Amino acid sequence: MRGVARIIRRQPAKYVKWCDVHLPRGNGIAIVASAFNHGGLFAEKQGGASTCGTASHQALGDLIWHKLDECEFQIHHNYSHQKKTDLPAFKVSKCKTLKEFDHEYARYLVTGANGYNIIFFFQSPDLPNQIRLEASFSKGAEPSILGAQLSGFHRSFLEAEAIARK
């Protein structure tokens with residue numbers, strides 16, 4: 001056994017849940033992708049990306065909770081044969097290149113604080129000055145409130161990004 005598989009030989013009872021949320025920098029659709037937890041390494045699940053409009057906070061929040069529920073723990077997986085263009089969110093985005101995808105979307109990580117997954121965090125991409133924004137929410141958050149909170153967080157990130165680029 002190698003790497004993580006040597007340390008973790010079976011699925012733990014509790015593990016951190018994770019999903020990726022890609023929000024458009026302009027008008028467009030939100031993409032939310034479920035993930036595998038490989039003992040602390042995370043990867044989007046093939047076929048696990050879904051879209052919704054950004055206008056409905058309820059739909060966005062529902063989709064985030066659904067994708068967090070789909071997170072699975074899986075020790076063994078070999079990603080050596082995959083390319084960056086195999087990223088499920090990229091595939092459903094309809095962007096032609098990864099450069100276009102990175103320009104059109106901001107990727108937020110949504111992750112449990114620990115294996116109990118009672119508190120979750122939003123984490124923004126790094127700003128040009130290496131600052132990253134974070135916010136937290138509880139497992140009991142209503143989907144509409146969760147969607148509204150992430151939408152506000154996204155607006156704050158875009159404002160901070162514009163200031164940092166000056």
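Predicted model: local features only at pLDDT ≥ 70, side-chain atom pairs only at ≥ 80, totals over all residues.

Reader: Why is the pair of Trp18 and Phe42 called stacked?

Author: Rings of Phe, Tyr and Trp (its six-membered ring) pair if their centres lie within 6.5 Å; planes under 30 degrees apart count as stacked, over 60 as edge-to-face and the rest as tilted. The ring centres of Trp18 and Phe42 are 4.2 Å apart and their planes stand at 10°, so the pair is stacked.

Reader: What makes Trp18 count as buried or exposed?

Author: Buried means under 20% relative accessible area, exposed over 50%, and partly exposed in between (1.4 Å probe, protein chains only). Trp18 has 13% relative accessibility and therefore counts as buried. Phe42, at 26%, counts as partly exposed.

Reader: What makes Lys45 a charge over the ring of Phe36?

Author: The rule requires NZ of Lys or CZ of Arg within 6 Å of the ring centre and within 35 degrees of the ring normal. Lys45 lies over the face of Phe36, at 5.4 Å from the ring centre.

Reader: Which residues touch the most other members of the largest nonpolar core?

Author: A nonpolar core is a set of buried Ala, Val, Leu, Ile, Met, Phe, Trp, Tyr and Cys residues joined through side-chain atoms within 4.5 Å. Among the 24 residues of the largest one, they are Val21, Ile64 and Leu150.

Key. Residues numbered from 1 in each chain as written. Heavy atoms only, no water.
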